[in-house]
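I opened the model to look up a few things and kept notes as I went. The entries follow in the order of looking.

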Amino acid sequence: MATRRLWDVLLYGFLTAMAVVFVAPLALMVVTAFKSTREIFMNPFGLPASWSLEPFARVWSRANFSVYFRNSVWVTGASLVLVLTCASMASYAIARLPFRGRQWVYLFFLAGIMVPIRLGILPLFLLMKQLHLLNTHWALIFTYAASGMPMSVFLLTGFLRSLPGELREAARIDGCTEFQAFWKVMLPLVRPALATVAIVNFVPWWNDMFFPLLFIQSDRLKTIPLGMTIFFGQYQTDWGLLFAGMVLASLPLVALYLAMSRQFIAGLTAGAVKG
Amino acid sequence: MLDRWLGRRIHLAFLLPGMVLYGLFMVYPLASSLGYSLFEWDGLIREGFAGLRNFRTVLFEPPYSVRFVGALKHNVLFFAMTFAIQSTLGLFFALMFRQKRRGFGFFQAAYFLPYTLSLVVVGFLWLLLLNPLWGGFNQLLRLVGLGKWAQPWLGQTRTALVSIILINAWRWLGFPILVFLAGLQAIPAELEEAARVDGANAWQTLRHVTLPLLAPVMGMVTILTFIYDFNAFELVFVMQGSNGGPAYSTDLLGTFFYRTAFGDSTTGGEPGQIGIASAIAVLMLVMVAAVSWAGIRLLQGRQVEY
């Protein structure tokens with residue numbers, strides 16, 4: 001009994017210490033965002049003198065953050081719509097339509113599941129150049145959507161296969177076209193799977209800096225992660241502003257995670273556990 | 001209408017958009033990397049066939065070979081340390097959190113939080129925290145009387161790479177914990193109960209029942225970690241620049257590739273060695289493919305049913 005108590009004390013002590021390690025830098029980031037640069041240097045760990053939102057307003061307007069934010073929303077949103085449309089249609093065919101070679105089509109999509117698209121960046125870069133898509137959001141949207149296909153097809157095919165096939169047949173007998181059977185009968189049933197697929201894809205795209213770094217030159221087209229690098233170069237000495245920028249950049253995903261951690265976790269673990 | 005017109009070939013209409021998107025923007029670029037690496041390039045213009053000359057340059061001719069081997073070693077250390085941390089600490093946390101005791105939900109959420117941050121934010125945040133003069137980390141050391149340990153963590157070759165690996169682990173660890181936990185929760189309770197009924201103690205149950213059943217999930221996470229770590233780029237780029245400073249001590253295959261392919265504006269290096277850069281990409285692709293293929297074969301060999 002006594003050893004149990006001791007173990008509990010040690011365990012909770014260790015878990016708490018680790019929680020500090022994981023959260024303290026983030027808490028410090030938020031608190032520091034409210035301080036003036038002078039305050040940061042004089043009083044690094046104390047609470048700020050005022051909780052004014054002024055630094056955030058400055059980042060939002062002066063450092064072009066509103067533009068970066070809008071670009072990020074548009075790029076990830078459009079990529080999601082594109083990948084969900086293409087992947088759910090392809091998965092429907094693979095899971096539900098009888099045709100020869102569908103196993104090969106499935107393997108074709110799955111082949112990319114472990115291959116990082118970054119390693120094809122040079123041909124991709126020249127392809128985008130030939131298509132005149134460099135320095136447009138479409139270069140990012142097509143790249144993200146294409147790279148999301150393998151995992152999305154894998155997950156959606158699994159879900160569609162788990163639905164009873166009679167549903168489609170009944171819909172067809174009732175006079176639905178194949179497309180209506182897909183759109184009106186099957187797709188609504190895999191809505192949770194679509195949410196999972198959306199989250200699997202959304203997180204890395206929202207946070208990506210690599211492709212914007214190579215594809216985007218105009219400041220007005222930059223997404224948040226790339227915008228951050230510009231912003232850091234410009235305001236190197238204004239630490240208050242830098243911290244405010246980091247908080248603003250992180251807020252959307254942290255909020256999303258805290259608000260829907262269940263779906264978030266399901267989405268992020270789906271690939272690894274099922275694969 | 002489309003239905004009637006296509007008839008029995010309706011599946012083509014469903015497959016086409018996805019095939020075109022994925023084929024054009026993913027399969028084609030990855031496949032043609034190989035082709036690129038076999039040619040001589042002048043800027044963006046392809047010249048004569050080079051055979052394996054680009055590979056020979058990367059592997060055997062300084063300065064490329066020196067940088068390649070250096071970066072490869074750093075990537076291996078990157079993976080090895082990350083793997084060690086997630087297979088010990090990460091597994092321990094997952095085993096604890098499975099017990100669903102008071103406060104564990106909070107700890108789990110707390111440990112995962114850094115994973116939601118962009119690597120760019122993580123890099124900049126730690127760059128400021130580790131600033132030798134004003135950064136919170138050294139200030140904290142001084143505050144608790146360990147001031148003699150305060151040092152420019154990112155500015156000296158001895159500590160820079162390990163610092164970056166630990167920062168990456170700080171952000172990453174929540175993910176393996178989450179996946180291990182999902183894997184543990186998928187193990188039916190009866191199996192472990194049966195072992196306990198048969199007289200196994202907690203350690204024996206863990207060692208002979210739980211861990212073997214979790215092995216496929218751990219294997220999968222290891223493969224994902226490997227792929228991820230072999231493509232690491234952002235942290236070093238943001239914190240140390242594309243040269244992987246100081247003195248190339250944090251140079252990774254990702255930054256080496258980037259410099260070779262797109263040049264380095266900060267030091268005025270020669271931009272656009274497309275042939276050589278493609279050879280580096282192909283070598284990385286081969287390593288990633290070989291390791292994940294071997295890993296998956298290994299996993300299939302020990303697939304468990306329950």
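**Chain B overall**

I began with burial: 42% of the 306 residues of chain B count as buried, where buried means 20 or more other C-beta atoms within 10 Å of a residue's own, exposed means 12 or fewer, and partly exposed lies in between, with C-beta atoms placed from the backbone. This is a predicted model, in which local features need pLDDT of at least 70 and side-chain atom pairs count only at pLDDT 80 or more, while totals for chains, interfaces and linings use all residues. Residues are numbered from 1 along each chain as its sequence is written, and chains are lettered from A and ligands numbered from 1 in the order in which they are written.

I then noted 14 helices and two strands in chain B; these are DSSP runs numbered from the N terminus, helices being H or I with at least four residues and strands E with at least two. The C-alpha atoms of chain B fill a box of roughly 75 × 70 × 40 Å along the principal axes.

**Helix H9 of chain B**

I looked at H9(B), residues 174–185, which has 12 residues. From first C-alpha to last, H9(B) reaches 16 Å, close to the expected 16 Å, the expected span being 1.5 Å times one less than the number of residues. Nine of the 12 residues of H9(B) are buried, among them Phe175(B), Pro176(B), Phe180(B) and Gly183(B).

**Between the chains**

I counted contacts next, two residues being in contact if their C-beta atoms, placed from the backbone, lie within 7 Å. The contact takes 67 residues from chain A and 64 residues from chain B. On the chain A side, helix H1(A), residues 2–33, gives the largest share, nine residues. That side divides into 53 nonpolar, 12 polar and two charged residues; Ala, Val, Leu, Ile, Met, Phe, Trp, Tyr, Cys and Pro count as nonpolar, Asp, Glu, Lys and Arg as charged, and the others, Gly among them, as polar.

**Helix H7 of chain A**

I found Arg161(A) in H7(A), residues 137–161. Arg161(A) is exposed because 12 other C-beta atoms lie within 10 Å. Arg161(A) and Ala95(A) are 66 residues apart in sequence, yet 5.4 Å apart in space, C-alpha to C-alpha.

I also checked H5(A), residues 102–110, which packs against H7(A) at an angle of about 135°, with the axes 8 Å apart. The contact includes Tyr106(A) and Phe109(A) of H5(A), and Met149(A) and Val153(A) of H7(A). Its residues divide into seven nonpolar, one polar and no charged.

Terms used: Axes fitted to C-alpha atoms, helices over the stretch in contact; angles between N-to-C directions.
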